[in-house]
Amino acid sequence: MQVDGKHYRSIWTERVSGQVQPLVCIIDQTRLPHDFSVLEIQSLDAAVGAIFNMQVRGAPLIGAMAAFGVYLAMQVDASDSGLSAACEKLLQTRPTAVNLRWALDEVNRVLSLVKEQDRVSASLQFAEDLCMADIDMCASIGEHGLALIKTVYAKKPANGVVNILTHCNAGWLATVDWGTALAPIYKAQAAGISVHVWVDETRPRNQGAYLTTWELNNQGIAHTLIVDNAGGHLMQHGLVDMCIVGTDRTTRSGDVCNKIGTYLKALAAYDNGVPFYVAAPSPSIDWTIRDGLAEIPIEQRSRDEVAKLNGMNAQQKASLISIVPDHIQIRNDAFDTTPARLITGLITERGIADANETDLLALFPEQA
Ligand code: MRU
């Protein structure tokens, strides 16, 4: 998507003269929205750090970064033990988003069929293909979601605006391009439909405030930042037509684990009769489990994310402030699970499914 009128992906490779292998580049998401900074990821450890420290984040992008992490590892040690050590290290970075495990399982499967001397080129090809597949999936999710937005738009008075609430960042920064939850919104804009997005700030890390507003602003889409607790109130007053959020892990029965606070939005939407959709590319579906509440590991993150806030001070200098004294006890669960019964539909790359096993399997019969 666009940054100052130039097309960017969230992760890409660059061939540089004098370097045998292409470099892996990312946008450092910990510096947005105040600073647009591109980073070269030059080693497995740098890839591990980028995922752990959330310079890259969002389930699909974590999977893509992991694939490139294996590519960087293969340049140093392409043996079987080098491969499994690299995968193990990457797998430990973030436990909730299943795309990480999916990408590592896939790259392992592909590389185990390839001779050691060919593993650098094969892993690069794998990572590039994964990125292209991710872009295609997100574009398809955008088209399927667009049909839903069109239906809402058709019921509006002339010159109406479709108001969509989203949580966290499930835009192009969280994927390779397009995004999942934001892809239908970008497609709606291209189709000439007026959309306005309510952006949950998404404490504690503020992905909504820092990243989603940045994306939407770059793309020229009307949006308003709201505090996390405002969504229910706006729904009660008829100001939200639909919710679209992303997912870090969806079970085969349609439970959705996503950024903390998603569940409360789904409850409010249910109570107010507001459709609640989840944009769910298939690599985010964990076909091995059914019970999201019992079976999905919830990442516990540092107290600093809750106790401190990042921002610009009056002198336009990046600064970190504490909002509570150090002795305050803090718990920081990064994700929650929304039960399938609260979800109106799952927007996958193959179409829209009701959030249940039968409907999901109708779209993905190979998982039966
Ligand atoms: O902790 P994050 O920023 O990686 O969490 C991201 C989310 O919860 C997204 O909604 C989810 O990964 C879907 S991204 C297309």
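1. Contact here means heavy atoms within 4.5 Å, and buried means under 20% relative accessible area, with exposed over 50% and partly exposed in between (1.4 Å probe, protein chains only). Helices (H or I, at least four residues) and strands (E, at least two) are DSSP runs, numbered from the N terminus.

2. Before going on, a word on the source. This is a predicted model, where local features need pLDDT of at least 70, side-chain atom pairs count only at pLDDT 80 or more, and totals for chains, interfaces and linings use all residues. Residues are numbered from 1 along each chain as its sequence is written, and side-chain values use heavy atoms, with hydrogens and water left out.

3. Back to H6 itself, which runs over residues 183–190 and has six of its eight residues buried. Those six are Ala183, Pro184, Ile185, Tyr186, Lys187 and Ala188; do note that a lysine is on that list. Just after H6, Gly192 takes a positive phi of about 80°.

4. Now the ligand. It sits in the largest cavity. A cavity is, on a 1 Å grid over the protein atoms alone, a set of points where a 1.4 Å probe fits but cannot get out, and a molecule sits in one if more than half of its atoms lie within 2 Å of its grid points. The shell around the ligand has 19 residues, the closest being Arg94, Gln207, Asp248, Asn258 and Lys259; to count, a residue needs a heavy atom within 4 Å. Helix H2 (59–74) and strand S11 (256–259) each supply at least two residues of that shell.

5. The protein covers 100% of the 420 Å² of accessible area that the ligand has on its own, by the Shrake-Rupley method with a 1.4 Å probe.

6. In helix H2 you will find Ala64, buried at 1% relative accessibility. Beyond residues up to four places away, Ala64 touches Ile11, Leu130, Cys131 and Val176.

7. Last, the backbone. Two peptide bonds are cis, each with omega near 10°: Leu32 to Pro33 and Arg203 to Pro204. Pro33 is in the S4–S5 loop, while Pro204 is in the loop between S7 and H7. Cys168, in the loop between S6 and H6, has a positive phi near 65° and is buried at 6%. Gln316 has phi near 60°, in the loop between strand S14 (308–312) and strand S15 (318–322), but Gln316 is exposed at 59%.

Definitions and conventions. 1 Å grid on protein atoms, 1.4 Å probe; cavity = no way out; pocket = protein on both sides within 12 Å on 5 of 7 lines; lining within 4 Å.
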